[in-house]
Amino acid sequence: MALKLPAAFQERMRSLLKEEYTDFMDSYDRVPRSGIRVNTLKISTEDLLSIAPWDLRPIPWCGTGFYTEAGERPGRHPYYHAGLYYIQEPSAMAPVELLDVTPGEAVLDLCAAPGGKSTQIAAKLRGTGMLVSNDLNADRTKALAKNIELYGVRNAVVLNEHPDRIAEKFPAFFDKILIDAPCSGEGMFRKDEAMIKEWDGDSPLKYADMQRGILRAAATMLRPGGRIVYSTCTFSPEENEGMIAEFVAGHPEFRVLPVGGTGSFAAGETDWLKEQGSGFGHIPDQVWEQVRGTARLWPHRIEGEGHFLAVLQHEVDPKSAAAAERARDTLLSSTAPAESADRPKGKERPTRNVKPVKGKPPKKGAGNQGEAAPTAAYEAFIREHLLGFVPGGHTVVYGSHIYQSPLPPSLLDGLKVVRPGWYMGDAKNGRFVPAHPLATALHPGEFIRVIRLDSGSGEAVRYLKGETLSIPGDRVECGGEASPKGYALVCIDGYSAGWGKWQEGMLKNEYPAGWRWTSA
Ligand SMILES: C[S@@+](CC[C@H](N)C(=O)[O-])C[C@H]1O[C@@H](n2cnc3c(N)ncnc32)[C@H](O)[C@@H]1O
């Protein structure tokens with residue numbers, strides 16, 4: 001085995017896995033599997049399968065997930081830049097499948113960066129309801145915001161907050177909450193050797209402390225009858241079964257939905273903790289019994305890295321469900337303006353295209369019923385360029401930036417907001433300049449001017465590299481009476497990739513510098 005695993009880790013795994021230990025260790029000699037997950041916000045699974053130039057084999061636990069073979073490089077294809085799929089480790093696709101998200105729900109992804117699972121949740125919401133994606137690490141929220149934008153998500157808010165601070169604003173609010181917890185990362189050793197260096201014998205208990213706090217905050221934000229999925233990419237029982245046992249023992253209103261012990265998912269391991277004297281206080285036998293229903297994805301049993309999953313279902317008490325429903329309606333109908341939605345306080349300057357929100361939030365009393373007054377130029381652009389729909393939600397203006405938010409701005413008051421919603425563009429000197437995320441979330445039938453590039457022609461890559469293209473006027477598809485001159489939605493094989501500005505046979509490239517295709 002080429003990997004140098006810490007002796008203390010090997011010892012723990014030997015005592016956990018017993019007769020399976022050798023098989024487990026052999027898995028370190030196998031190459032980790034890679035996968036892609038289809039972004040059904042932009043393309044159906046069937047359509048992607050019909051155009052993808054790779055051998056794609058289904059991942060058993062995710063209907064939109066596919067294994068890719070070694071040597072295939074889906075990140076180096078124009079389709080990647082059109083947001084048609086997310087490159088994701090196969091086991092990492094499992095938690096959202098168990099969250100059971102349905103359109104219209106309010107979903108919180110508490111530890112979301114860089115956004116693999118958030119984009120998966122967004123696809124399941126199909127542009128309805130709302131997604132709040134949060135991460136405590138300011139730097140990592142840049143990648144999170146970029147992924148939300150690349151994958152054409154219209155209904156997400158991106159926060160950079162401590163879960164306790166979000167909990168103050170959103171009591172009993174979310175239908176579903178994902179906790180993809182920070183963890184000691186033991187399940188990623190094969191894929192990412194850097195995780196090995198960060199591990200020491202104290203890691204499991206150190207992370208267990210963080211996980212405890214995150215779970216506690218999540219429980220207060222869940223609506224009665226809602227569901228929390230807790231996942232880690234580590235093997236240590238202290239961060240997995242122990243954490244769930246302790247949580248359920250202290251929250252009898254939750255029940256562990258049994259998902260382990262069938263198909264690809266092995267049952268939760270409770271004996272090890274019991275033998276070691278769990279360290280989690282008194283856990284009743286019936287709780288340990290439930291915890292057996294959590295799931296482990298073992299790399300020696302499946303094609304994927306090590307993961308743990310627990311589905312925590314809140315048992316409904318009809319009275320509190322009705323009260324929570326009323327409380328949420330009240331919160332959502334609040335239209336008072338945000339007064340102090342702070343910028344993230346990360347030290348690093350934001351990258352050019354993934355900026356924390358800037359400028360002053362709207363003043364009290366501005367606009368309709370206290371909401372931000374949308375600029376006239378923005379409204380005119382929407383009216384004149386979008387076909388067949390008007391973006392929904394609350395129009396939120398921060399400085400020159402205009403967003404459509406699924407939440408009233410007052411609910412974000414005082415939180416560190418990276419994106420209050422779908423970034424539509426900037427109002428500057430009476431003009432409106434559409435932002436890149438407006439383009440990536442549009443379908444060709446939704447914009448008045450469309451230019452189609454063929455992924456195989458070379459033009460698509462030249463566009464993605466930022467080059468100006470020569471495009472004759474008869475290739476500009478115009479809706480209604482529109483002239484070909486002006487902003488055009490540039491699509492690759494029919495899927496939006498960004499903006500261009502067409503004039504007299506030339507397409508001025510508006511693809512953002514920070515997103516460009518960089519290889520030869
Ligand atoms: C396993 S990663 C999340 C991966 C992500 N869910 C995805 O699918 O792309 C865990 C994340 O938790 C964040 N984190 C650490 N402590 C946190 C806390 N107390 N609250 C929220 N996020 C936290 C880390 O910055 C890290 O990005």
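Residues are numbered from 1 along each chain as its sequence is written, and side-chain values use heavy atoms, with hydrogens and water left out. Because the model is predicted, local features need pLDDT of at least 70 and side-chain atom pairs count only at pLDDT 80 or more, while totals for chains, interfaces and linings use all residues.

The structure contains zero disulfides, a disulfide being a pair of cysteine sulfur atoms within 2.5 Å. For cysteine 233, the closest cysteine sulfur is that of cysteine 183, at 3.5 Å, which is too far for a bond. Cysteine 233 has a relative accessible area of 17% and is therefore buried (buried means under 20% relative accessible area, exposed over 50%, and partly exposed in between, with a 1.4 Å probe and protein chains only). For cysteine 491, the closest cysteine sulfur belongs to cysteine 478 and lies 13 Å away, again too far for a bond. Cysteine 491 is buried, at 0% relative accessibility.

Serine 184 is located in the loop between β8 (174-180) and α9 (194-198); helices (H or I, at least four residues) and strands (E, at least two) are DSSP runs, numbered from the N terminus. With a relative accessibility of 5%, serine 184 counts as buried. Its side chain forms a polar contact of 2.8 Å with the side chain of threonine 234. A polar contact is a pair of N or O atoms within 3.5 Å; within protein, one must be able to donate a hydrogen and the other to accept it, and residues adjacent in sequence count only if both atoms are side-chain atoms. When residues up to four places away in sequence are not counted, the residues touched by serine 184 include Phe189, Trp199, Tyr207, Thr234 and Glu239, where contact means heavy atoms within 4.5 Å. Serine 184 and glycine 35 are separated by 149 residues in sequence and by 23 Å between C-alpha atoms.

Glutamate 305 occupies the loop between β12 (295-297) and β13 (307-314) and is buried, at 1% relative accessibility. The side chains of glutamate 305 and arginine 190 are joined by a polar contact of 2.7 Å. Neighbours within four places in sequence aside, glutamate 305 is in contact with Pro32, Arg33, Glu89, Ser91, Gly187, Met188, Arg190, Lys191 and Leu297.

Lysine 142, in helix α7 (residues 138-150), is buried, with a relative accessible area of 13%. Valine 390, by contrast, is exposed, at 67% relative accessible area, and is placed in the loop between α15 (376-385) and β14 (394-398). Between the C-alpha atoms of valine 390 and glutamate 275, 115 residues apart along the chain, the separation is 60 Å.

Helices α10 (residues 203-221) and α11 (residues 241-250) pack with their axes 11 Å apart and at an angle of about 40°. Axes are lines fitted to C-alpha atoms, for helices over the stretch in contact, and angles run from 0 to 180 degrees between N-to-C directions. This angle makes α10 oblique to α11 (under 35 degrees counts as roughly parallel, over 145 as roughly antiparallel, 65 to 115 as roughly perpendicular and the rest as oblique). The contact involves Ala208, Gln211, Arg212, Leu215 and Ala219 of α10, together with Met243, Glu246 and Phe247 of α11.
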